[in-house]
Amino acid sequence: MTCDSTTSLEAQETSTPLSMPESYRAHSVTECADEMQATRSTYGALTDKSWQKRIDSLDSCRCRAWFVRNIETGDLRVAAKSCKLRWCPLCSKKRQWFLIQQFKPWAESVSKLKFLTLTLKHSDAPLKKQVLDLYRFFLNFRKLKYLHDNVFGGVWFFQIKKSKATGQWHPHLHCLLDSNFMAQDKLSQLWCRTTLGSTIIDIRSVSDSGKIAEYVGRYAARPSCLIDLDPADRLDLITALHGRRLVGTWGTAKELPLTMQKPDDANDWKYIGGWSTVCGMLNYDDNANAIFNAWRKGEPLDPGITMDHIENAISDYTPYIPKEPPENRQLYFKFKA
Ligand SMILES: [Zn+2]
């Protein structure tokens with residue numbers, strides 16, 4: 001590249017106005033637009049009135065957002081009101097991040113980590129019954145003496161797929177185990193006896209604890225991709241899993257938190273401006289530009305740079321004072337079905 005062309009490119013870049021979506025939701029959803037669309041249409045098809053509140057929550061997830069600055073470090077984050085619905089692609093992504101942070105240290109502390117998969121024989125029974133059976137069998141399986149004597153703790157999570165060939169659901173459970181060596185044949189026999197006929201299990205040693213913790217966190221937060229299913233199956237899945245736990249821990253993993261806790265530094269994060277104010281004034285206001293660029297580059301922001309001069313000037317503007325910690329450290333992230 002010649003010097004001239006570099007100069008020309010730089011001039012072009014700096015003269016191009018920055019453009020950001022007016023809402024943080026629109027910005028966030030770009031990476032999962034299809035899954036969000038599949039989720040929204042499925043919730044929309046749930047006609048029972050009790051779902052309306054959830055639909056409203058999903059529609060408003062991350063619409064209200066604001067920039068916060070850490071008074072100690074100057075770091076910036078975006079905080080947002082979120083729906084916390086199990087199937088919301090935005091919230092489940094955040095939950096993945098959270099679960100990985102919890103599972104990783106535990107997995108790395110276990111000397112002989114195993115990964116166990118328990119499946120049910122294929123069935124045409126209603127999905128709700130299959131899920132109920134799977135959970136009941138799993139509970140009974142864990143109580144068996146062989147398991148009791150050899151397993152010290154674990155993390156379990158639910159996953160489901162639908163076979164395109166047979167049209168049957170394949171619900172299954174995965175477990176990350178802190179255990180002694182257990183023979184696959186023996187486990188298969190015991191699982192068969194417990195489930196009255198299902199024999200397919202898989203157990204293997206884990207060599208990369210960090211990677212498997214990431215896998216578990218990713219799938220524990222979302223048991224299936226709705227976009228992969230047809231509309232009727234999406235409905236069937238959401239209603240069959242309604243109110244049911246999809247991840248759990250026991251034994252040496254029992255203390256791992258599965259819901260977000262208030263971070264120690266929650267009070268250090270202070271509101272400096274709404275997302276829409278900052279992004280709307282990006283090309284017209286120095287503070288908006290400084291806030292946005294610091295956030296985008298992951299750089300600290302000097303104190304005193306806020307959007308107060310704009311937001312206070314709007315007589316009916318009521319800044320949304322954050323009652324939650326920043327986006328990637330939300331409080332009490334308890335999932336609703
Ligand atoms: Zn959400």
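User: Is arginine 136 buried, partly exposed or exposed, and what is its relative accessibility?

Analyst: In this predicted model, arginine 136 lies in helix α6, which spans residues 127–143. Since the partly exposed class runs between the buried limit of under 20% and the exposed limit of over 50%, arginine 136 counts as partly exposed, with a relative accessibility of 44%.

User: Which residue forms a salt bridge with arginine 136 at 2.9 Å, and how many residues apart are the two?

Analyst: The partner is aspartate 133, and the closest N and O atoms of the pair are 2.9 Å apart. Aspartate 133 is buried, with a relative accessible area of 14%, whereas arginine 136 is partly exposed. Both residues belong to helix α6, where about one turn of the helix separates them, so the answer is aspartate 133, at a separation of 3 residues.

User: Which residues are linked with Asp133 in a network of salt bridges?

Analyst: Asp133 pairs with arginine 136 through a salt bridge, and this pair is part of a network of salt bridges. The residues linked with Asp133 in that network are Lys129 and Arg136.

User: Which elements hold lysine 162 and aspartate 233, and how far apart in sequence are the parts that this pair ties together?

Analyst: Lysine 162 and aspartate 233 form a salt bridge whose closest N and O atoms are 2.8 Å apart. Lysine 162 lies in strand β4 (residues 151–162) and aspartate 233 in helix α10 (residues 231–240), so the pair ties together parts that are 71 residues apart in sequence.

User: What separation in sequence is bridged by lysine 104 and glutamate 214?

Analyst: These two residues form a salt bridge, with 2.9 Å between the closest N and O atoms. Lysine 104 sits in helix α5 (residues 89–109) and glutamate 214 in helix α9 (residues 209–220), so the parts tied together by the pair are separated in sequence by 110 residues.

User: How many salt bridges does a search of the whole structure find?

Analyst: Among them are the pairs lysine 104 with glutamate 214, arginine 136 with aspartate 133, and lysine 162 with aspartate 233. The search of the whole structure gives a total of 9.

Terms used. Residues are numbered from 1 along each chain as its sequence is written. This is a predicted model: local features need pLDDT of at least 70, side-chain atom pairs count only at pLDDT 80 or more; totals for chains, interfaces and linings use all residues. Side-chain values use heavy atoms; hydrogens and water are left out. A salt bridge is a side-chain nitrogen of Lys or Arg within 4 Å of a carboxyl oxygen of Asp or Glu. Helices (H or I, at least four residues) and strands (E, at least two) are DSSP runs, numbered from the N terminus. Buried means under 20% relative accessible area, exposed over 50%, partly exposed in between (1.4 Å probe, protein chains only).
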